[in-house]
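Reader: I am new to this structure. Please take me through a few of the terms used for it.

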Amino acid sequence: MDSILSLILFPLFFALLIAFLNKKYAAGIALTGSGLSLFYFLYLLSGFKNSLKVLNEFSIPWIPGIEAELHFGLDSLSIFMLLLTCLVFPIGILASMKYEEHRSKSYYILLLIGLTALLGFFSAQNDITFYVFFELALIPFYFIILMYGGSNRKKAVFKFLMFTVFGSFLMLAAIIYFHSLTGINKTSDWAMLYDMEISLSAQTWILAGIFIAFAIKSPLFPFHTWQADLYSEGDRPTIIIIAAVLSKMGLFGLLRFFNVVDDAILHYQMPLIILCLIGIIYAALVAWRQSSMSRLLAYSSLSHMGMIAAGILTASISGLQGSIFQMLSHGIVAAGLFFIVDLIMFRTNNSSIYGSAGIASTQPKLATYFFLLCLASVGLPLTSGFIGEFDILLGLANTNIYLSAIAGLSLIFGAIYTLRFYQKSMFGEMIESNNEWAPITLNEDYVLIILVILVLAFGFFPSSWLDLADQATASFVHLKSKI
Amino acid sequence: MLSIVILTIFATVVLYLGFLKNRNIIIPIALFAVLLAAYCLLSNQNLWNNWFMNMMEIKDSSKAFSLLILFTAACIIPFLNVFKKRGSEELADFSGILLYSLIGGIMMVSYSDLIILFLGLEILSIAMYILAGADRKKISSSEASMKYFIIGAFASAILLFGISLYYASSGSFRLDVTVVHSSALLNLSYLLIFCGLAFKIALVPFHFWAPDVYQGTPTIFTATMATIVKISAFGALYQFIRICGANMSEWLYWLLSFVAILSIFLANIMAISQHSVKRLLAYSGIAQAGFILIGLLQFQPDKTWIILYYLVAYTLASLACFFACHFIEVKNGNDDHSAFKGLYYSNPFLAIVLSIALISLSGGPLTAGFMAKLFVLTNAAQIGNIALVVFALILAVISLYYYFRIINLMFTRTNIEHSWQVDMPYKGLLALLSIGTLVAGIAPYLLVNLLK
């Protein structure tokens with residue numbers, strides 16, 4: 001029962017349940033399913049020991065010909081993202097419950113399939129399993145947005161699909177190339193793949209394939225053009241999940257494949273980091289001038305992703321550790337911010353940041369939560385956002401102090417656009433129609449309280465999680481020997 | 001051999017059943033014949049197996065190809081029901097001719113003498129020319145039949161030319177004859193035989209007939225063309241490469257690789273601008289054939305299952321597509337893109353079946369189509385053709401565009417949504433095809449062990 005497989009199949013079971021029961025129970029079952037997944041994951045986590053070993057493993061022979069195994073397991077890297085996934089899904093489902101009359105059973109079924117795909121992706125223990133679930137995660141979200149998104153959703157989601165699949169086919173080519181090089185007859189786990197000796201030129205090709213794939217998925221500049229469209233046209237509760245979890249898939253993949261292509265990363269470190277930095281500054285400047293809430297958050301997310309990617313590419317202990325921690329932190333903060341955007345847009349039906357002006361005077365609670373999340377997004381000390389960014393900047397400084405200085409600029413820009421966003425949407429002249437705002441419901445209150453507590457808890461007491469991130473970093477054995 | 005005899009007898013019987021007033025027994029009898037033939041193959045009946053001086057041998061791989069042909073036919077035959085209202089004569093004619101075409105298919109995949117290949121190809125093709133014109137009153141159907149006939153005759157002539165050159169250079173029609181040295185004439189004969197078969201498969205640059213003929217032919221027989229004819233022609237090509245591959249010179253391999261890449265590229269580009277879904281599926285079939293050809297080029301005796309797996313995956317998905325197309329055509333009168341609009345809201349079952357099939361064709365994860373592409377490409381990469389793999393994958397991205405455009409349309413709401421249903425037995429068949437696609441994609445070992 002302790003096998004990771006039961007966690008992965010858990011949501012699928014509830015999806016089946018929804019399919020066979022009445023529509024009015026669908027949301028409740030989906031919420032229960034995702035909530036129980038969270039608790040089940042926490043139970044697995046309680047048995048997790050700090051070690052380099054992969055725990056709660058599940059593996060069976062899967063694909064003949066390349067002798068790949070279907071292999072899942074918990075390790076110190078995957079638990080960060082699994083925690084985030086399990087945490088964000090109930091929030092997304094809670095947010096979607098207020099649109100209940102527009103949602104059919106298929107919505108919740110697809111969401112739960114998406115949860116299964118993501119759990120499988122983050123716990124995948126070899127590259128073929130990783131690839132299949134990387135692609136699989138796209139499909140349910142594609143269908144959800146296709147059916148429930150905004151007016152221009154078809155174009156946005158199509159762009160998203162074409163971009164992502166282009167990237168993932170490149171990754172598939174890289175994986176096939178990698179396999180043909182090493183002549184692996186049995187694809188079982190990451191450690192085995194990391195042990196392969198590959199020449200620098202071959203690594204460069206593999207890096208080119210996977211970097212484009214992950215840069216599209218995250219997204220990173222200049223592969224980001226699908227993002228703002230999708231975030232503003234997509235179904236908002238789903239965008240909470242996409243912004244918080246799916247955007248980490250690319251970075252997670254980069255971490256997973258780090259050891260395979262470490263020589264190439266060290267060799268091309270400078271140009272890649274500079275690309276990330278351009279993206280960070282560019283996205284921050286664009287975010288500054290946005291008047292649509294979703295678009296602003298999309299560009300803010302792009303800026304943060306660039307930062308995390310730069311941290312990974314420094315190939316230093318602190319940079320990697322900070323990146324891993326920041327992936328979790330940004331996930332929580334992004335989920336909170338998109339949750340608030342959804343909550344505001346549900347009431348005002350206006351995507352402009354000016355649409356809810358002056359609401360702070362009648363909704364002080366909301367304004368407080370929003371403010372704390374904004375601070376975490378900016379990276380203020382004692383919030384979760386600070387620790388990760390600090391580590392990343394430290395890592396960058398160790399590589400090159402100027403890079404660190406430029407990346408540091410993004411903190412300032414970040415403060416500008418985030419606080420501008422907060423100020424315009426919460427303060428100012430109250431719009432007439434906003435007087436009869438429905439107060440935030442109990443559900444929304446709970447979600448926001450939990451998120452704010454998490455943000456503060458990770459900010460005040462990061463050490464146990466930093467230890468785990470350190471564990472994850474320590475698994476990059478090759479790296480340590482090279483530095 | 002026994003299965004061919006059974007099919008011949010039943011096909012003739014079915015033809016004469018047209019004289020009876022009772023239309024209801026024709027389809028069950030045809031179905032019974034196909035299943036009986038499949039049973040004979042499965043149970044290793046070796047009655048009359050050595051007839052015709054071993055000019056054809058049904059064993060191992062050719063048995064698998066034959067079974068695949070029979071399985072596909074068993075899926076198609078129930079749909080002949082649409083001809084029921086036209087009277088028992090036509091129903092009997094088309095059922096009988098379809099059964100005859102299977103004989104040709106089985107001969108094509110199990111020949112060991114080129115005469116049998118030609119015979120099989122002609123039996124299959126002539127049956128298909130007639131079936132293409134089954135909608136006699138429609139000008140497009142007659143046009144398709146005529147086009148197919150003229151181009152098909154041309155292809156047969158090229159094949160025959162190749163066979164005669166083979167005879168000239170090797171002194172025998174048999175495939176397994178020992179060739180002393182690989183001469184230019186022999187390679188030319190290989191090339192011509194390949195061209196003849198490529199016409200039937202519809203590989204670029206021999207593909208021009210495919211979209212026109214597919215569009216005009218009644219959808220059920222388009223499905224036959226896209227599956228049974230392709231399987232047979234690939235089976236024939238497989239048999240040829242398996243036995244004669246060693247004698248082929250290097251440039252022929254390069255040429256075939258080039259044809260494969262060109263097929264994937266041109267077909268995908270052309271498919272983008274198609275409005276008729278049947279035309280689109282014709283181009284998609286050409287692109288898929290390019291992938292199968294990549295698998296064939298890297299022939300190793302223990303990797304036969306890769307090609308079979310790809311063919312099974314392709315057959316499952318394209319049967320589902322054509323059947324869905326058939327229902328849409330019956331409902332809306334045409335197979336235009338716009339006819340698929342809002343399908344999910346009027347007939348969710350059909351939309352889901354079609355989505356799974358299209359995702360499988362595009363190589364989506366956990367479907368048979370993905371595994372098939374993975375097998376073919378990893379095999380090609382292991383042999384060292386990594387450039388081929390990268391090209392094929394990048395070109396496959398284009399195919400996503402037209403497959404998902406249909407999915408996009410199906411999930412678009414329209415104002416007029418009359419909910420309608422597919423009849424129960426057909427529903428079961430379609431569900432079976434989808435489940436097959438998913439099971440083969442999630443647990444490939446099941447199918448692969450079967451194919452091995």
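Author: This is a predicted model. Start with two helices of chain A. In α15(A), Ser329(A), Ile332(A), Val333(A), Ala335(A), Gly336(A), Phe339(A) and Leu343(A) meet a set of residues in α19(A). That set is Glu444(A), Val447(A), Leu448(A), Leu451(A), Leu454(A), Val455(A) and Phe458(A).

Reader: What classes do the residues of this contact divide into?

Author: Eleven are nonpolar, two are polar and one is charged.

Reader: Why are α15(A) and α19(A) called roughly antiparallel?

Author: Look at the angle. The axes of α15(A), residues 317-348, and α19(A), residues 442-460, cross at roughly 155 degrees. Angles over 145 degrees count as roughly antiparallel. The two helices are therefore roughly antiparallel to each other. Their axes come within 10 Å, and the crossing is left-handed.

Reader: What makes Ile240(A) stand out in the largest nonpolar core?

Author: Its contacts. The core has 374 residues, and Ile240(A) is among those that touch the most other members. Ala137(A), Leu373(A), Tyr309(B), Tyr310(B) and Ala320(B) are also in that group. Helix α12 of chain B, residues 304-332, gives the largest share of the core, 21 residues.

Reader: Which residues does Ile240(A) touch?

Author: Leaving out residues up to four places away in sequence, they include Ala335(A), Phe338(A), Phe339(A) and Asp342(A). Val88(A), Ile91(A), Gly92(A) and Ala95(A) are touched as well.

Reader: How many residues of each chain are in contact with the other chain?

Author: 28 residues of chain B are in contact with 24 of chain A. On the chain B side, α16(B) gives the most, with eleven residues. That side has 22 nonpolar, six polar and no charged residues.

Definitions and conventions: Residues are numbered from 1 along each chain as its sequence is written. Chains are lettered from A and ligands numbered from 1 in the order in which they are written. This is a predicted model: local features need pLDDT of at least 70, side-chain atom pairs count only at pLDDT 80 or more; totals for chains, interfaces and linings use all residues. Axes are lines fitted to C-alpha atoms, for helices over the stretch in contact, and angles run from 0 to 180 degrees between N-to-C directions. Helices (H or I, at least four residues) and strands (E, at least two) are DSSP runs, numbered from the N terminus. Angles under 35 degrees count as roughly parallel, over 145 as roughly antiparallel, 65 to 115 as roughly perpendicular and the rest as oblique. A crossing is left-handed if the near helix is turned anticlockwise from the far one by less than a right angle, and right-handed if clockwise. Two residues are in contact if their C-beta atoms, placed from the backbone, lie within 7 Å. Ala, Val, Leu, Ile, Met, Phe, Trp, Tyr, Cys and Pro count as nonpolar, Asp, Glu, Lys and Arg as charged, and the others, Gly among them, as polar. A nonpolar core is a set of buried Ala, Val, Leu, Ile, Met, Phe, Trp, Tyr and Cys residues joined through C-beta atoms within 7 Å. A residue is buried if 20 or more other C-beta atoms lie within 10 Å of its own, exposed if 12 or fewer, and partly exposed in between; C-beta atoms are placed from the backbone.
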